[in-house]
Amino acid sequence: MSLIQSLRPGGKHGLSSKETRDPIGYAVAALNRLAQSDVLDRVGLRKQAEQAVFTTTRSGFKTVTAASRGFARAGRKGSPGARPTPTAGRGVFDLTPTEDEQMLVDVVTELADEVLRPAAAEADEACAAPEAVLKAGLEVGLPILGVPEALGGISEERSAMAGALVAEALAKGDMGLAVASLAPGAVATALGLWGSESQQQTYLPAFSEAEVPAAALALSEPTVLFDALDPSTTAERTSGGYVLNGVKSAVPRGAEAELFVVGARLDGKPVLFLVESGTPGLEVVADPGMGVRAAAMTRLVLTDVTLPEGSVLGATDGTTYAECVRLSRLAWCALAVGTAQAVLDYVTPYVKEREAFGEPIAHRQSVAFMVADIAIELQAMRLLTWKAASRAAAGKDFAREVALARRLCADKGMRIGLDGVQLLGGHGFVKEHPVERWYRDLRAVGVMEGVVMV
């Protein structure tokens, strides 16, 4: 029997007689069958074959979304949901974390150092977050960090500041894994901030269970000069709800997500919609990029996706959508700060130990000034991000502050990544050192919209 015949429906290594397999399926099945023999070991091609399986499955899949969880409708339709109260002001300009916030940061920092950092290189190569990393994030309560205590969360007050601190601490371990871990929490936070009673009672209980569903915030689109506040995805009113059409990009863990918050234009205004993964017309396509690869980025294709009337999240005048974009940009600023801190922590001892012409390269003014510039710009990024987060937590307008923080973090964060590579010389270019990965991740800050939120 030929190899192709054995891989066809009904074959020993194929599918049932009622199913079909596309070319990518044949390729993967053939590689898997080959991997079971000792031929690869005899000719020394085991590693190359394994990499081929990774590449084929990660960059070539196209599938309808998962529909493994059914969300039972609950709550009163149209009734406003519970909202977290704003953080009480302390009367002075003070960005010092509270005792509870510092305790949370200490726990997350330990998680980043002991779990995320060791798994980062392999996750970046595989374009997927290990299950152990995701479970560790669940154990410390990342998905319900922004959910009010009355709804099963851990927040008594608005937690934008705590969210920013957590994102920064996680990114010191790895930005891609931080995004993968924080993505479900972004959806839960959005439900806590803007969801109706029916939406909160239907979806939020799942985020406080042992098996938290993967969920994603989908705002970005694969268009030139994309403006987050002017999405091309459209939503049209029907007699019983809405119909969505468009393409969203940079959707983390899209292939396994069970709930999406999708941005679309309705009656000329940007609006957020809740879209369950089992909705007909929803399709996921792999979308691996230059950086943040561990988040398993995908594209979400919506073709005549029909939604019920109660699927709108928040207001339809564009205000909810605009606030969502700002909170997302704030989260990306925090991720940039954490990754930039990782760069500084890595290059500082390196330049002190690396010797050239009989002395450490840190003794050269050009090197010392470059490290000093990283530290100065990093502190400026942190202060602007924390100030914006503190205003958001207090329920004040923070549009100006987050705009300033995003501009600085996008520009200086990318520069810090570049300088980190430069300071390591040839070592900065190879994957043996993590700085090249941090450089690729930091370039994402200026182009990503949505995905995470505080």
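Predicted model: local features only at pLDDT ≥ 70, side-chain atom pairs only at ≥ 80, totals over all residues.
Helices here are DSSP runs of H or I with at least four residues, and strands are DSSP runs of E with at least two, both numbered from the N terminus.

Let me begin with the chain as a whole. It has 454 residues, of which buried residues make up 51%, and its accessible surface comes to about 20700 Å², with 53% of that belonging to carbon and sulfur atoms. If we take the contacts between residues at least 6 apart in sequence, 75% of them join residues at least 24 apart.

Asp124 is placed in helix α5, which covers residues 99-126. Is Asp124 buried or exposed? Its relative accessibility is 8%, and because buried means under 20%, Asp124 counts as buried. Leaving aside residues up to four places away in sequence, Asp124 touches Arg293, Ala294, Arg437 and Arg440.

The second residue is Tyr346, which sits in helix α10, residues 319-353. With another of them, His433, the contact is polar, running from the side chain of Tyr346 to the side chain of His433 at 2.7 Å.

Finally, the strands around β3, which spans residues 234-237. Strand β3 is joined by 4 bridges to strand β4, residues 241-252, and the two run antiparallel. Together β3 and β4 form a hairpin, with 3 residues between them, and in this pairing Arg237 has Tyr242 of β4 as its bridge partner. How does β3 pair with strand β5, residues 259-266, in the parallel or the antiparallel sense? That pairing is parallel and extends over 2 bridges, with Ala235 having Leu266 of β5 as its bridge partner. As a general point to keep in mind when viewing such strands, side chains in a regular strand alternate between the two faces of the sheet.

To close, then, β3 is the strand to look at for both kinds of pairing, antiparallel with β4 and parallel with β5.

Note on methods:
Residues numbered from 1 in each chain as written. Heavy atoms only, no water. Buried < 20%, exposed > 50% of the residue type's maximum accessible area, 1.4 Å probe, protein only. Contact = heavy atoms within 4.5 Å. Areas by Shrake-Rupley, 256 points an atom, 1.4 Å probe, with all protein chains shown as cover. Polar contact = N/O pair within 3.5 Å; in protein donor to acceptor, adjacent residues only side chain to side chain. Pairing = 2+ DSSP bridges.
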